[in-house]
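Subject: Structure handover and notes

Hello,

Please find below the structure we spoke about. My notes on it follow.

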Amino acid sequence: MISIRQRKGIQTTEVSEDYVAQEENVKLENKLPSSCTNRRLWTILSFTIGGTVALCTGLLTSVYLATLHENDLWFSNIKEVEREISFRTECGLYYSYYKQMLQAPTLMQGFHGLIYDNKTESMRTINLLQRMNIYQEVFLSILYRVLPIQKYIEPVYFYIYTLFGLQAIYVTALYITSWLLSGTWLSGLLAAFWYVTNRIDTTRVEFTIPLRENWALPFFAIQIAAITYFLRPNLQPLSQRLTLLAIFISTFLFSLTWQFNQFMMLMQALVLFILDSLDMLPAVKVTWLYGIQLTGLLLVCILQFFNSMILGSLLISFNLSVLIARKLQKNLKTGSFLNRLGKLLLHLFVVLCLTLFLNNIIKKILNLKSDEHIFKFLKAKFGFGATRDFDANLYLCEEAFGLLPFNTFERLSDTLLFYAYIFVLSITVIAALAVAFHNLSDSTNQQSMYKMGEYTIGLKPETAYNLIHTILFGFLALSTMRMKYLWTSHMCVFASFGLCSPEIWELLLKLIHLYNPKRICIMRYSIPILILLYLCYKFWPGMMDELSELREFYDPDTVELMNWINSNTPRKAVFAGSMQLLAGVKLCTGRTLTNHPHYEDNSLRERTKAVYQIYAKRAPEEVHALLRSFGTDYVILEDSICYERRHRRGCRLRDLLDIANGHMMDGPGENDPDLKLAGHPRFCEEIKRNLPPYTAYFTRVFQNKTFHVYKLSRNK
């Protein structure tokens, strides 16, 4: 039996020191439960306060935007026809289906009217649930009919309040994402403040309420928040499963509510592909996210009666290609730096070739042409040859599809957002490059850490995801202004996270040799608080003035036109005109249309180009024959299009038609040498002279300062 005894001659002071150390350990152990309890209480208190602030911030933003909408239009006081006219262009078209469902005698008849619709496109029966993303209108109409609220709220208010309510969810999701990244709810508050103070560049919901993106972006923000949490290491199995469920539901709802979902999720898939290739995300979690994207999109495809545009999307081809390529290249993440770089380039080439091959095969099988106008537009936009294609030029000439204006950055700089964003972006990009280089160089240690001198540079997976996300969506916004709302809202999240992140300040202070834990604490709390105070001081008076400024909707010419159509034309009359105006005609009058603004259909694009010959240089008998081929009874001409001055020469609608028809454009300036003089004057101008060749086919039945309505003769 072994025993331990004290050695002779040992100094008693050493024993006493050991005894003191043991006493201190006992005291420390006695204090630990108290410390843990205090920390737990502090965490609960912080979570409660942060959650309450998140909800309040979201609700206040929603009320603020709703108030701006009311003050701008005096929506509560104007007539119903004026309210409907305020839903401009495609917004009016989408809202019309909500109205149609409410007016249907029964829900089943309402569904039948949408599935077998013959009023949106004359002489054609189309399935609106297949063609358009209008399930949200169907769902809201069912809710309004089922819930006992008809006596308390009008249908239009139920609709717009739902959209403004989604804005509360949107801002709350942005707040939570920033909080998850930084570890403090102060970051979320700063993100919400930046979102509101940069309202011009972060949202347009107050004047385009039914637009698809206003339905979709809140769910996209929820998805990003859920992915940010999902990418955290060491999640409990239950937390991971619940988070995956949240990602799936938000992805599905985002896909269901916006026709451009596939392009946004393709960008997201590219983010995952880049980070997975550089070992900055766990491969298993990336595979889960690829699978959720595919599953969500295919489920939407089923609900949209196997919409061919979804099946032929690049997203499905890309995700399948990545999963196949990963199976083919099993040893992708082994070897030396040059070896791995070569494998990575080969992997990229294989994925690209597979994507193009699969996409072309699917499109040929389905005979898909629904999205070809988008690729024509992209080809022309990025300088791969000039085009005379009418549809592509229609997009190229719209300001919303142009480059992001420089004054956007001036506005973002006024709130300090752009400066903070560039600061955080610079530091995280440096860290990401260092970690990526380390991961490619050392296949045995695949962690997002890099040793630089005496310091270690780290990049959390969730931070890496949001970094590449903001970079790719930044490039998208710079190239196409309409997509800036996807970037600027995330810019608020990313900038606020960086200013409140201990990791960002730790890296910066270590690089400049000023590292100190207390300095990190001071910087991550003091700077955001100072910015919040600055935003309140500078923008609060302006916001109060904005809320007190009262305007009123005023469009008497359009109101007069809609009232005349309702009173003087048959219910089954077919109207032709511009896409934007006809959406309002359908909403306000319920008349049948020849064309409309939902442009994601090849036959509709061809039909729209034919109808738009009313603004080209064509003979009256040719225009009459084209319009009658679509069953047109009345055609509406707009002076604002016929004599357009908003666009430069070459981008006016009449110029686009002249170029597509091979005719020389009007006015001073150069023309391509192969363009010829037209054999006829411009139809929309000449018809107003009431000359016999025109009156034989068209009779003017309505006119005001803006619109001219002509009835087509049937016996020609």
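Before the rest, some ground rules. This is a predicted model, in which local features need pLDDT of at least 70 and side-chain atom pairs count only at pLDDT 80 or more, while totals for chains, interfaces and linings use all residues. Residues are numbered from 1 along each chain as its sequence is written, and side-chain values use heavy atoms, with hydrogens and water left out.

Surroundings of N595

N595 sits in the loop between strand 4 (592–593) and helix 27 (602–611). Helices (H or I, at least four residues) and strands (E, at least two) are DSSP runs, numbered from the N terminus. The side chain of N595 has a polar contact of 2.6 Å with the side chain of T594. A polar atom of the N595 side chain also lies 3.4 Å from the backbone oxygen of G577. A polar contact here is a pair of N or O atoms within 3.5 Å; within protein, one must be able to donate a hydrogen and the other to accept it, and residues adjacent in sequence count only if both atoms are side-chain atoms.

Disulfides

A disulfide is a covalent bond between the sulfur atoms of two cysteines. The criterion used is a pair of cysteine sulfur atoms within 2.5 Å, and a search of the whole structure finds 2 disulfides. With bonded cysteines counted along the chain, their pattern is 1-3, 2-4.

C397 lies in the loop between helix 18 (390–396) and helix 19 (407–414), and C651 in the loop between helix 29 (639–642) and helix 30 (653–660), so the pair ties together parts that are 254 residues apart in sequence. C397 counts as buried at 12% relative accessibility, and C651 is buried with a relative accessible area of 7%.

The other disulfide joins C642 and C684, and here too the sulfur atoms are 2.0 Å apart. The link of C642 and C684 is right-handed, with 80° about the S-S bond. C642 belongs to helix 29 and C684 to helix 31 (residues 683–686), so the pair links distant parts of the chain, 42 residues apart. C642 is buried, with a relative accessible area of 1%, and C684 counts as buried at 1% relative accessibility.

What keeps C56 out of a bond? The closest cysteine sulfur to that of C56 is in C536, 15 Å away, which is too far for a bond. C56 is partly exposed, at 39% relative accessible area. C353 is partly exposed as well, with 36%.

Cavities

The structure holds 4 cavities of 30 Å³ or more. On a 1 Å grid over the protein atoms alone, a cavity is a set of points where a 1.4 Å probe fits but cannot get out, and lining residues have an atom within 4 Å of a point. Grid points are joined across faces, edges and corners, and a volume is the space filled by probe spheres set on the points.

The largest cavity has a volume of about 80 Å³. Its lining includes Y170, F220, H469 and H490. Helix 7 (155–182), helix 10 (212–230) and helix 22 (484–500) each give two or more residues to that lining, and helix 10 supplies the largest share, 4 residues. By class, the lining of the largest cavity has 7 nonpolar, 3 polar and no charged residues. Ala, Val, Leu, Ile, Met, Phe, Trp, Tyr, Cys and Pro count as nonpolar, Asp, Glu, Lys and Arg as charged, and the others, Gly among them, as polar.

The second largest cavity has a volume of about 50 Å³. D276, S277, L332, K333, R340, L344 and L440 line the second largest cavity, and the elements that give two or more residues are helix 12 (261–277) and helix 16 (337–366). This lining divides into 3 nonpolar, 1 polar and 3 charged residues.

Regards

How values were computed:
On a 1 Å grid over the protein atoms alone, a cavity is a set of points where a 1.4 Å probe fits but cannot get out, and a pocket is an open set with protein on both sides within 12 Å along at least five of seven lines; lining residues have an atom within 4 Å of a point. Buried means under 20% relative accessible area, exposed over 50%, partly exposed in between (1.4 Å probe, protein chains only).
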